[in-house]
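Please open the structure in a viewer and keep the sequence alongside. The tour below moves from one selection to the next and states what is to be found at each stop.

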Amino acid sequence: AELERLAAGWSDLACELERGARLRFGRERIALEELVLLSHSNGATGRAELTLTHDAAGTRARLDCEHFDAGSVLSKTLLGGWYAGETSGRVTYARGASGEALDFELDFAGWKRGEAGARLACKARGHGADGRLVLERLELSDEHGLQASLHGELPFERAAPFARAPGPVALALELRVPELAALGVLGLPETGRTSGPLSAHADLGGEWNALTGELRLAFEGLALDAAGRHRADGTLALELGERLRAKLTLDASEGRIAVGGTLGIGGDIAGLLTEPECLLEAPIDLAAEVELTDVAWLAELVPDLRRISGELGGTLTASGTVQDPLFGGQLAYRAGELRLARFATPLRALSADFRLAQDVVHVESFTGEVGGAPVRVSGTLEPFGPFTRLDLAVRGENVLLARNSRLRLRADADLTLSGSPELLRIGGGLALTEGQYESEFDVLKEILRAGRGLRGSDGKPLAFARTGNFARTEFAVHVTSKDH
């Protein structure tokens with residue numbers, strides 16, 4: 001049989017036969033000869049030639065391409081939203097009594113993920129036989145600066161080429177991108193974070209469901225917040241085996257954090273990506289070393305904290321499972337100063353030691369100055385649960401409670417704070433050590449108002465907080481003069 005005419009097209013792409021192809025039938029034999037396709041796109045012409053023979057000896061096929069724009073026939077048939085571009089190179093395949101063999105060397109250009117995606121270029125060379133695929137060279141790049149290379153050997157099933165077939169895996173990967181967002185071209189989910197250059201290196205062995213080896217990642221200028229105000233350089237090292245061993249370091253202008261430990265998920269990383277709920281029951285054993293020389297960023301996380309400074313260091317630990325972790329560790333806060341939104345007087349010369357036990361932060365010691373007077377705090381905080389709670393004891397000598405143009409007030413304090421910020425109870429006592437109040441009023445006006453049985457001049461009642469947290473604070477404080 002002869003195929004005289006064949007044409008296909010999509011948008012501004014077109015494909016047609018260069019000349020008639022012959023299809024030969026015989027007893028236990030079929031052959032396709034001289035099938036040459038021409039592609040036409042953007043004023044350029046590409047060429048693809050296919051030959052195929054199947055007989056008693058087996059199957060033999062060969063495809064040769066030269067700048068053939070596969071988008072003319074494949075743009076809407078690729079999985080994952082991929083759009084085909086130009087293809088050059090060759091593919092040969094043979095299957096017979098001695099087994100099957102595959103050999104290829106291909107050059108792809110202009111392929112992209114999504115209609116508006118970055119255009120990719122790929123060079124691939126390799127061969128395969130009897131369920132094994134050897135990648136001699138696989139290089140990937142795009143117009144935004146992504147560069148990736150992969151080589152090694154992996155199991156391969158012709159009937160399911162994208163499945164994780166059983167068998168040994170030996171792969172080496174190198175990856176460089178100018179920023180984190182450039183990884184979206186590979187189909188990875190968007191993180192919403194920006195970064196500077198990122199590089200990765202991996203040497204993997206084992207099998208797909210039990211990978212071994214290591215993966216190293218280095219990045220610069222990774223945004224730690226959505227606005228990108230705080231950034232860090234860092235590295236991530238993963239060692240795969242029966243347990244995943246990890247080490248993450250973050251270096252920023254504010255200090256350094258290093259996290260290391262193990263996660264009991266074995267080497268089935270691909271399985272976790274398809275069934276992430278399995279991660280919840282994985283045992284963990286992690287420790288974080290914290291060395292922060294600037295904690296001003298904490299004010300962005302705590303609504304009632306106007307400003308904070310100082311140094312924070314120590315060790316935090318996590319054990320148990322991902323779903324039910326057990327926390328521990330100790331932190332030291334030194335040379336600190338903070339200003340609260342509800343308290344005009346700043347707290348200075350702060351020094352504190354905290355101990356974390358599960359969800360409770362124990363304030364082992366907390367000393368500082370309020371208006372030049374010493375203050376000590378002890379107790380517990382529960383900031384991590386669904387309802388924040390605090391139980392604190394505050395003691396101070398000659399503490400400055402108020403200072404403005406009319407009122408100056410100091411007292412020795414022995415107070416307790418218990419409850420949540422939304423419903424706080426303050427108890428204990430205040431012994432006034434210094435008090436002065438100044439005000440101006442019209443004597444004649446006040447006499448006339450009294451004679452008419454009216455209240456005195458309108459004044460604003462004292463309030464700890466009128467809106468937001470602490471607006472419903474209850475006081476049960478005994479106030480005396482220190483002299484009595």
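Strands here are runs of at least two residues that DSSP assigns as E, and they are numbered from the N terminus. With that convention, the loop between β11 (119-129) and β12 (132-142) can be selected, and D130 is placed there. The model is a predicted one.

**First stop: a residue in a loop**

Select D130. Its phi is positive, about 50°, although D130 is not a glycine. Is D130 buried or exposed? D130 has a relative accessible area of 54%, and exposed means over 50%, so D130 is exposed.

Select Q358 next, in the loop between β23 and β24 (360-370). Q358 also is a residue other than glycine with a positive phi, in this case near 60°. The relative accessibility of Q358 is 32%, which counts as partly exposed.

Select residues 29-41, which make up strand β5, together with residues 44-55, which make up strand β6. The two strands pair in the antiparallel sense, over ten bridges. At S41, look across to β6: the bridge partner there is A44. Two residues separate β5 from β6 in this hairpin, and N42, in the turn, has a positive phi of about 50°.

L50 can be picked out opposite L63, which belongs to β7. β6 and β7 form a hairpin as well, with two residues between them.

While viewing these strands, one general point may be kept in mind. In a regular strand, side chains alternate between the two faces of the sheet.

Select C65 and then C122. C65 is buried, at 13% relative accessibility. C122 is likewise buried, with a relative accessible area of 15%. The structure as a whole holds zero disulfides.

Which residues touch the most other members of the largest nonpolar core? They are I308, Y333, F354, F366 and L417, in a core of 32 residues. Strand β23, residues 347-357, gives the most to this core, with five residues.

Return to L417 and display its surroundings. Leaving aside residues up to four places away in sequence, L417 touches L390, D391, L392, V394, L424, R425 and I426.

For one of them, select F108 and W111: the ring centres are 5.2 Å apart and the planes stand at 85°, so the pair is edge-to-face. W111 is buried, with a relative accessible area of 17%.

For the other, select F354 and F366, an edge-to-face pair with 6.4 Å from centre to centre and 65° between the planes. This pair links distant parts of the chain, since F354 is in strand β23 and F366 is in strand β24, twelve residues apart. Both F354 and F366 are buried.

Select L381, in strand β25, residues 373-382. L381 has a relative accessibility of 27% and counts as partly exposed. Display the residues around L381. Not counting residues up to four places away in sequence, L381 touches D359, V360, V361, V363, R389, L390 and L392. For V363, a distance can be drawn: L381 and V363 are 18 residues apart in sequence, and their C-alpha atoms lie 7.6 Å apart in space.

**Last stop: a side chain facing a backbone nitrogen**

Where is T321 found? T321 is in the loop between β21 (305-320) and β22 (325-340). A polar atom of the T321 side chain lies 3.0 Å from the backbone nitrogen of D324. Finally, show the contacts of T321 with residues beyond four places away in sequence: these are L280, E281, A282, P283 and I284.

Definitions and conventions:
Residues numbered from 1 in each chain as written. Predicted model: local features only at pLDDT ≥ 70, side-chain atom pairs only at ≥ 80, totals over all residues. Heavy atoms only, no water. Pairing = 2+ DSSP bridges. Helix = DSSP H or I, 4+ residues; strand = E, 2+ residues; numbered from the N terminus. Buried < 20%, exposed > 50% of the residue type's maximum accessible area, 1.4 Å probe, protein only. Contact = heavy atoms within 4.5 Å. Disulfide = S-S within 2.5 Å. Core = buried A, V, L, I, M, F, W, Y, C linked by side-chain atoms within 4.5 Å. Phe/Tyr/Trp six-rings, centres within 6.5 Å; stacked < 30°, edge-to-face > 60°. Polar contact = N/O pair within 3.5 Å; in protein donor to acceptor, adjacent residues only side chain to side chain.
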